[in-house]
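Student: I would like to learn how to read a structure like this one. Please show it first.

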Amino acid sequence: MTTFDIRIGYLIIFVLPVIIYYLFKFRGRVFVIYAILSLAFTAGSIELLTGFEVYKILQICELLIWGLVIYVLLITPKREIPFLPYIAGFVFICIVSYIINSVNFVQLLLFFRRYLLFIAVFVLFHNIQLSNTDRDNLLKFVILLFVSQVVVNIARYPITNQTEYYIGTMSILGGSTTAIIALLGIAFSFGAYLYTRKTIYILLIFGFLFFSLIGLKRGHLFFLPILLLIQYLLYIRFTQEYYLRNTLITALIALTITGLLLYSGFTLVPSLNPEGIL
């Protein structure tokens, strides 16, 4: 049985200032969103310090999300479920698959519970009415929560070294979360840099990359350059002239970055280079 280091739980001190700072900035419906995010981003530390398991905390978050979605749809005069035909088609295909395959009804419900939650969040933000102040504060809150996870992973590195356990303060297990958070953070930071040209976003890109390497995530080293390339091509497609020329220049830059990322991966992630060639 794996024994987890309770000291990692105390790294919640890097996240609590963010949560406390925004505690009194939200009211009403947006406060529920604040509570959901606060619980989700500290679930791992809560389990380490109290024994209250992560999956139970996430169940509470799910209930809050569904409750808020239903409430918002009931009180919104011009409520709308975007892409409803596609959602209905998705549900129909799932039901047909359930009928023709040897899947029991409970498995179908668990599948719906997992994937319809993302649709529920999309519907929520499509219909919820937030003031400009709430919108700005919520965006800043989310950004700082993501950044705090980078700080936590860096702080726990001297304690645990590279390991798939301890995904910031969010979870103890589930290493795929590391890759998801890293890719989301890098994609957002790169997009923000393209429009603002602020150096802080470049630093964040390297921060999230380091966050992922500490978590022993290596697959993104191969497809991250593709993601960034697509982002940049879309950017120059809609904002600049000489699209073809810029595309060729970008391709050369992307190949260089890909080489650097792969080299970094082989030298910093032991499982990518077990023979120690590089």
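Student: Which residues touch the most other members of the largest nonpolar core?
Tutor: This is a predicted model, where local features need pLDDT of at least 70 and side-chain atom pairs count only at pLDDT 80 or more, while totals for chains, interfaces and linings use all residues. Residues are numbered from 1 along each chain as its sequence is written, and side-chain values use heavy atoms, without hydrogens and water. A nonpolar core is a set of buried Ala, Val, Leu, Ile, Met, Phe, Trp, Tyr and Cys residues joined through side-chain atoms within 4.5 Å; buried means under 20% relative accessible area (1.4 Å probe, protein chains only). Here the largest one has 55 residues, and Phe26, Leu37, Leu138, Phe141, Leu145, Ile186 and Phe208 touch the most other members.

Student: What is Phe26 in contact with, leaving aside neighbours within four places in sequence?
Tutor: Contact means heavy atoms within 4.5 Å. For Phe26 the partners are Phe31, Tyr34, Asp134, Asn137, Leu138 and Phe141.

Student: At roughly what angle do the axes of α2 and α4 cross?
Tutor: Helices are DSSP runs (H or I, at least four residues), numbered from the N terminus. Axes are lines fitted to C-alpha atoms over the stretch in contact, with angles from 0 to 180 degrees between N-to-C directions. The axes of α2 and α4 come within 10 Å and cross at roughly 165 degrees. Angles over 145 degrees count as roughly antiparallel, so α2 is roughly antiparallel to α4.

Student: Is Thr76 buried or exposed?
Tutor: Thr76, in the loop between α4 and α5, counts as buried because its relative accessibility is 6%. Beyond four places in sequence, Thr76 is in contact with Asn127 and Gln129.

Methods. Buried < 20%, exposed > 50% of the residue type's maximum accessible area, 1.4 Å probe, protein only. Helix = DSSP H or I, 4+ residues; strand = E, 2+ residues; numbered from the N terminus. Parallel < 35°, antiparallel > 145°, perpendicular 65-115°, else oblique.
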